[in-house]
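Subject: Handing over a predicted structure

Dear colleague,

I am passing on the structure that you will find just below, and would be glad if you could look through it alongside the notes that follow.

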Amino acid sequence: MRRTGGWPRRAPDRRYVQSVRCPWCGATEDRVVDSREVEQGGAIRRRRECISCTRRFTTVERVSQAVLWVVKRSARREPFDRQKVIAGARAACKNRPVEPEQLEALAATVEQTAWSLGPEVRSEEVGHAVLEALREIDDVAAVRFASVYKGFEQVDDFARELGLLNKDATPQAARELRREERGTSGTATP
Ligand SMILES: [Zn+2]
């Protein structure tokens, strides 16, 4: 059978997909040049080309009717925010050899964990998931995060955390931990 017309295979997309305002020139017509599933099918990433200026940009579609709620200590609820998770983890990773991509992956893992507990999770559970994921990436960052997140006030708490990490803590991590312990020992009771 003979194919009619010169449509490339992906072209039918543009008949069903709404255009998005071009971030470069503000025009409201684009054509989709590529669509693919990302995040294990949880989202669709579209590469678009502005009809007006021909520059390209990317959009990502995710299901939005389902909201993952985080319940704070104050009992206030707010939607799960990946960027907050990344910001928190990034702060703990300051001056550590951790790549931005690792933080993105961490946030995705944490979100997955939270969904498995959701659609409503306590902020402590999110914090715990971040801590678990950080342990996989960097021991020092994990302990730093724990010290802020759990509100450690006692050196004992650090020691306990160190105990949790002992089985696979690197010598460098142990050194750094001792340094952080000394840094907080001023407020601790002997
Ligand atoms: Zn444009």
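Which residue takes a positive phi in the hairpin of β2 and β3? It is T54, with a phi near 65°, and the hairpin has five residues between the strands.

Before the rest, a word on how to read these notes. This is a predicted model, in which local features need pLDDT of at least 70 and side-chain atom pairs count only at pLDDT 80 or more, while totals for chains, interfaces and linings use all residues. Residues are numbered from 1 along each chain as its sequence is written. The mean pLDDT of the protein (the predictor's confidence in each residue, from 0 to 100) is 78, and 69% of the residues reach 70 or more.

Two stretches call for caution. Over residues 1–14 the pLDDT stays under 50, and the model has seven contacts for them beyond four places in sequence, a contact being two residues whose C-beta atoms, placed from the backbone, lie within 7 Å. Residues 184–190 also stay under 50, with five contacts beyond four places in sequence. Where pLDDT is low, the predicted coordinates should not be read in detail.

Helices (H or I, at least four residues) and strands (E, at least two) are DSSP runs, numbered from the N terminus, and two strands pair if DSSP finds at least two bridges between them. Strand β2 (residues 43–50) pairs with strand β3 (residues 56–62) over seven bridges, where I44 has E61 as its bridge partner in β3.

Another open sheet of three strands has the order β5-β4-β6 and mixed pairing, with β5 (77–79) and β6 (120–122) as the edge strands. Strand β4 (residues 69–71) runs antiparallel to β5 and is joined to it by three bridges, with V71 standing opposite R77 in β5. Helix α4 packs on this sheet, touching β4 and β6, and its direction makes about 75° with that of β6.

Turning to helix pairs, the axes of α4 (residues 123–137) and α5 (residues 139–149) come within 7 Å and cross at roughly 160°; axes are lines fitted to C-alpha atoms, for helices over the stretch in contact, and angles run from 0 to 180 degrees between N-to-C directions. The two helices are therefore roughly antiparallel to each other, since angles under 35 degrees count as roughly parallel, over 145 as roughly antiparallel, 65 to 115 as roughly perpendicular and the rest as oblique. Among the residues that make the contact are L131 and L134 of α4, and A142 and F145 of α5.

The axes of helix α2 (residues 82–92) and helix α3 (residues 100–117) come within 9 Å and cross at roughly 125°, which makes α2 oblique to α3. Here R82, V85, I86, A89 and R90 in α2 meet L103, E104, L106, A107, V110 and E111 in α3.
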